[in-house]
Amino acid sequence: LFLAMAMIAGPATVDAKKKASPSFFNSKEVKSSNLKPFKKWTGAIKRYAKEKKKVKGSCKSKKFNKCHYANWQKFLKKTKGKDPLTQVKEVNRLMNKAKYITDKNNWGKKDYWASPGEFMARFGDCEDYAITKYLSLKLLGFKNDQLRVVAVKDLNLKVGHGVLVVFLDGKTYLLDNQIKQVVETKSVRHYQPVFSINTTNWWRHRT
């Protein structure tokens, strides 16, 4: 993820004349609708759109199959009637149970952004948790502008990291595979955001 952040920081430019707005993790953000440089993100979303239309295969298969999908939908149906903050907590709790596997071990690549189907079949690393949480909440009815996958620098570990941020009732919540509980972003001081993204826009962050 750190490599991807470095690469995106160059070509994914925003209008320098745009005024930066206050944002989470004590940063300021500038918005852009040009998602072309974010091929790993858009690729994961496109694969999700395809896989949800072609759910098949034996339940014993390691690939995304009807049982993976059915269990996911069963969880979402059970969670649907709960209040939004409880939904956020339930999604975070379930997805954080998945095993952490690096992209190198999982895909033989330095950086790969997995679709929900790929994550459920093979697990994944930080941004893969965030992507599946993002799409789970969208299926529960959260609006796109309430959700962002965020690439951050972990100032403690000196590495890149991926998380999900949710805007709800005037508060900004962090869903992180490294933190068991859902917390407000204002309580976290060791993350420096580089960019955040959803399916319509992305934001460059500055400290």
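Which residues are linked with Glu184 in a network of salt bridges? Lys171, Glu184 and Lys186 make up that network. The model is predicted, and the count of salt bridges in it comes to five.

**Salt bridge between strands**
- Lysine 171 pairs with glutamate 184, with 4.0 Å between the closest N and O atoms.
- This pair links distant parts of the chain, 13 residues apart: lysine 171 is in strand β5 (residues 171-175) and glutamate 184 in strand β6 (residues 183-184).
- Lysine 171 is partly exposed at 39% relative accessible area, and glutamate 184 is partly exposed at 21%.

- Arginine 47 and glutamate 118 form a salt bridge at 3.2 Å, N to O.
- Arginine 47 belongs to helix α2 and glutamate 118 to helix α6 (residues 116-122), so the contact ties together parts 71 residues apart in sequence.
- Arginine 47 is partly exposed at 26% relative accessibility, whereas glutamate 118 is buried at 16%.
- Glutamate 90 and arginine 93 form a salt bridge at 3.0 Å, N to O.
- Both glutamate 90 and arginine 93 sit in helix α4 (residues 84-95), three residues apart, or about one turn.
- Glutamate 90 is buried at 19% relative accessible area, while arginine 93 is partly exposed at 38%.

**Positive surface patch**
- Lys46, Lys50, Lys52, Lys53, Lys54 and Lys138 form a patch of positive charge on the surface.
- Lysine 53, in the loop between α2 (39-51) and α3 (66-79), is exposed at 70% relative accessibility.

**Buried asparagine**
- Asparagine 198 lies in the loop between β7 (191-197) and β8 (202-206) and is buried, at 2% relative accessible area.
- The asparagine 198 side chain reaches the backbone oxygen of asparagine 144 at 3.2 Å.

Technical notes: Residues are numbered from 1 along each chain as its sequence is written. This is a predicted model: local features need pLDDT of at least 70, side-chain atom pairs count only at pLDDT 80 or more; totals for chains, interfaces and linings use all residues. Side-chain values use heavy atoms; hydrogens and water are left out. Patches are made of residues with over 30% relative accessible area and no salt bridge: like charges are joined within 9 Å, nonpolar side chains (Val, Leu, Ile, Met, Phe, Trp, Tyr) within 5 Å. Accessible areas come from the Shrake-Rupley method with a 1.4 Å probe; for residues, only the protein chains shown count as cover. A salt bridge is a side-chain nitrogen of Lys or Arg within 4 Å of a carboxyl oxygen of Asp or Glu. Lys and Arg count as positive and Asp and Glu as negative; His and the chain ends are not counted. The place of a charge is taken as NZ of Lys, CZ of Arg, CG of Asp or CD of Glu. Helices (H or I, at least four residues) and strands (E, at least two) are DSSP runs, numbered from the N terminus. Buried means under 20% relative accessible area, exposed over 50%, partly exposed in between (1.4 Å probe, protein chains only). A polar contact is a pair of N or O atoms within 3.5 Å; within protein, one must be able to donate a hydrogen and the other to accept it, and residues adjacent in sequence count only if both atoms are side-chain atoms.
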